[in-house]
Amino acid sequence: MGLVLRGAALASLLVSALIVGSLAANAAGFVAEVDWGRVLANDAWNPRQGRFSISTLVVGSLVITGVAMVVAAPLGLGAAVYLSEYARPRVRAVLKPVLEVLAGIPSVVLGVFALNWIAPEVVGTLFGEREGRTGSMLAAGIGVGILTIPLMASVSEDAMRAVPSALRQASAALGARRATTTLRVVLPAAVSGIVAAFVLATSRAIGETMVVFIAGGAADSATFTANPLDGSLTMTAAMASLATGTDGVRADALAVPALYFVGIVLFALTLGLNLVADRFVRRVRRTY
Amino acid sequence: MALTTISSSTGAVRGSVERALRGARVDVRGRLFEAALLACLLLSMLVLGVLLHTVVTDGMPVYTERGWEFLDGALSSSASRAGISQGIVGSFWIAAGVVVLAVPVGVGAAIYLEEYAPRNRLTAFIELNVRNLAGVPSVVYGLLGLAIFVEALGGFSGQSDVDRRTLAAAAATLAVLVLPIVVITTAEAIRAVPRSLREGAYGVGATRWEVVRTQVLPYAAPGILTGCLLSIARAVGEAAPLIVVGAVTGFLSRGAGLSVSNVVDPGHLTERFVALPTIVSHWAKLPEEEFKVANSSAAILAMLAFVLLVNTLAIVLRNRVERKRST
């Protein structure tokens, strides 16, 4: 029985090996054959015409992740501090599951919501309607932010609840108000967990596909832009749009290998962020 | 025992000490801080409320006008005839794939890591690897599915070219995607099993597997079930990997209708596919308002009904067990 179970555990290593192997093998052709001047140019991403400006996608990902974290970091952290330091157990027992329901909403749903509601009602109201197109990087970024609030909240709440209550009692005994205790004692003690939450949420936002695919305001090509009010593609959305409609004739032979190349860039980026977050999470565990 | 009583009544004690020290004055800035924190939480929930309200008001008219016909119908280029039955069939088999493939392997891996594995570097590496797999973007799993299940294994049927982008390949891809979630939640449930249970069983001469089967698994079962439910909900809501693996956009000729014999027909596995989330994403990107707003919201309602039901079940189950065990 032990052997069978061991095989199951080793399957996870096989999955990792297959991911790295299949990405590398399929991206190799792209790396070898592509004109690197086109990859490094800052013009446009349009694989069907042989334009592979990776910086267009990376900047798109950065803008959307930035918007998402501006939304998710304060809201998620605020919600976590309230749940951990202020909410009475009975209130917490009601509010926490609601936050978990939000965590369970599929990302396509947020995508449709970002396109049909956030884009006209929030972005349109604040910055004026734009003709011809409803989605934008700002609308998609807000949608991604909403999607990452629960992750931000639950990881940082775990970190704050891991702070021993002796610290809070000592602070209270010295006459500190509850807000002072929270800001000067609990938050500094939980800081590595909160950093981990931020990094994990960033990684999740970079990897989010459907919200940008639906509400990002670009179809299958994008010109270089860093303006959140424009439409653009992220690395993930570019992969999804490259994959749709591949039944038809492809204009450029490198279009599909490009898919794997973007995939490997994305994989490396999120892996790095996840490893950093893992370090921080473990530091919390070691201290207490 | 004394210690726990003190810490559990901290809030009340601290409140009364604070009041006594401060006299009758109100801590205005402290109250403002608390209000701002509560606002963060309530705003997140307000978004959830607005989202659900928007989806219901946009999607409900489709059901009141067409009712069962929308659920039973096939994909179509005409908004007033398009239905989602093929998506329901696809999502059903994807959920089945998760239960058949990811649950046994994931639970097995977690049992090995928690009960059998020696504390060495390989084990630590496997654990780190599982945590990282859980953070790999879902669209990358789509590439894995495309390269391995579709291209290398021919969608499990050896058919040529685009026909290899089968439902079986899609279900296998999502099973791999949720595998780390099953491992992590199961491992957590097993870690919560009290040592005394294991030691008692070893004490009367049970083998390792007997201890796992008769003590660990029964105690951890609700936690494991919660993890499995969460991963089914995750798989059913996931669209990006399916798009990369090759979900049909537009038109699918076969497999329409919600009769039981059609839904459970394993013949679908070797054919091309759609699933509820890919239908939603395809319709949301169409220019016609009837598809973009009404039909996509109606399809979301069908998907959310299932996903939220399964998620709520999982949360309620976990909270109930936690409460029972903490008293």
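Modeller: Chain A of this predicted model has an open sheet of three strands in the order 2-1-3, with antiparallel pairing.

Biologist: What makes strand 2 (51-52) and strand 3 (222-223) of chain A stand at the edges?

Modeller: Each has a single partner strand, so one side of each is left without a neighbour in the sheet. Strands here are DSSP runs of E of at least two residues, helices are runs of H or I of at least four, and both are numbered from the N terminus.

Biologist: How do you know that strand 1 (residues 44-46) and strand 2 of chain A pair?

Modeller: Two strands pair if DSSP finds at least two bridges between them. Strand 1 and strand 2 of chain A are joined over two bridges, in the antiparallel sense, so they count as paired. A:Asn46 stands opposite A:Arg51 in strand 2 of chain A. Helix 3 (residues 54-86) of chain A packs on the sheet and touches strand 1, strand 2 and strand 3 of chain A. The direction of helix 3 makes about 105° with that of strand 1 of chain A.

Biologist: How are residues numbered and chains lettered, and what confidence is required?

Modeller: Residues are numbered from 1 along each chain as its sequence is written, while chains are lettered from A and ligands numbered from 1 in the order in which they are written. As the model is predicted, local features need pLDDT of at least 70 and side-chain atom pairs count only at pLDDT 80 or more, whereas totals for chains, interfaces and linings use all residues.

Biologist: Why is A:Leu167 called partly exposed?

Modeller: A residue is buried if 20 or more other C-beta atoms, placed from the backbone, lie within 10 Å of its own, exposed if 12 or fewer, and partly exposed in between. A:Leu167 has 15, so it is partly exposed. A:Leu167 lies in helix 7 (residues 165-173) of chain A. Leaving aside neighbours within four places in sequence, A:Leu167 is in contact (C-beta atoms, placed from the backbone, within 7 Å) with A:Val185 and A:Ala189. The C-alpha atoms of A:Leu167 and A:Ala189 are separated by 9.0 Å. Of the 288 residues of chain A, 51% count as buried.

Biologist: Why are helix 5 (residues 107-127) of chain A and helix 13 (residues 276-284) of chain B called roughly parallel?

Modeller: They pack at an angle of about 15°, with their axes 9 Å apart. Angles under 35 degrees count as roughly parallel, over 145 as roughly antiparallel, 65 to 115 as roughly perpendicular and the rest as oblique. The two helices are therefore roughly parallel. Their contact is made by A:Val108, A:Gly111, A:Val112 and A:Leu115 of helix 5 of chain A, and B:Pro277, B:Val280, B:Ser281 and B:Ala284 of helix 13 of chain B.

Biologist: What makes helix 1 of chain A roughly perpendicular to helix 5 (residues 85-116) of chain B?

Modeller: Helix 1 of chain A and helix 5 of chain B pack at an angle of about 110°, with their axes 7 Å apart. That angle makes them roughly perpendicular.

Biologist: How many residues does each chain give to the contact between chain A and chain B?

Modeller: Chain A gives 74 residues and chain B gives 79 residues. The largest share of the side of chain A, 16 residues, comes from helix 1 (residues 2-33) of chain A.

Notes
Two residues are in contact if their C-beta atoms, placed from the backbone, lie within 7 Å. Axes are lines fitted to C-alpha atoms, for helices over the stretch in contact, and angles run from 0 to 180 degrees between N-to-C directions.
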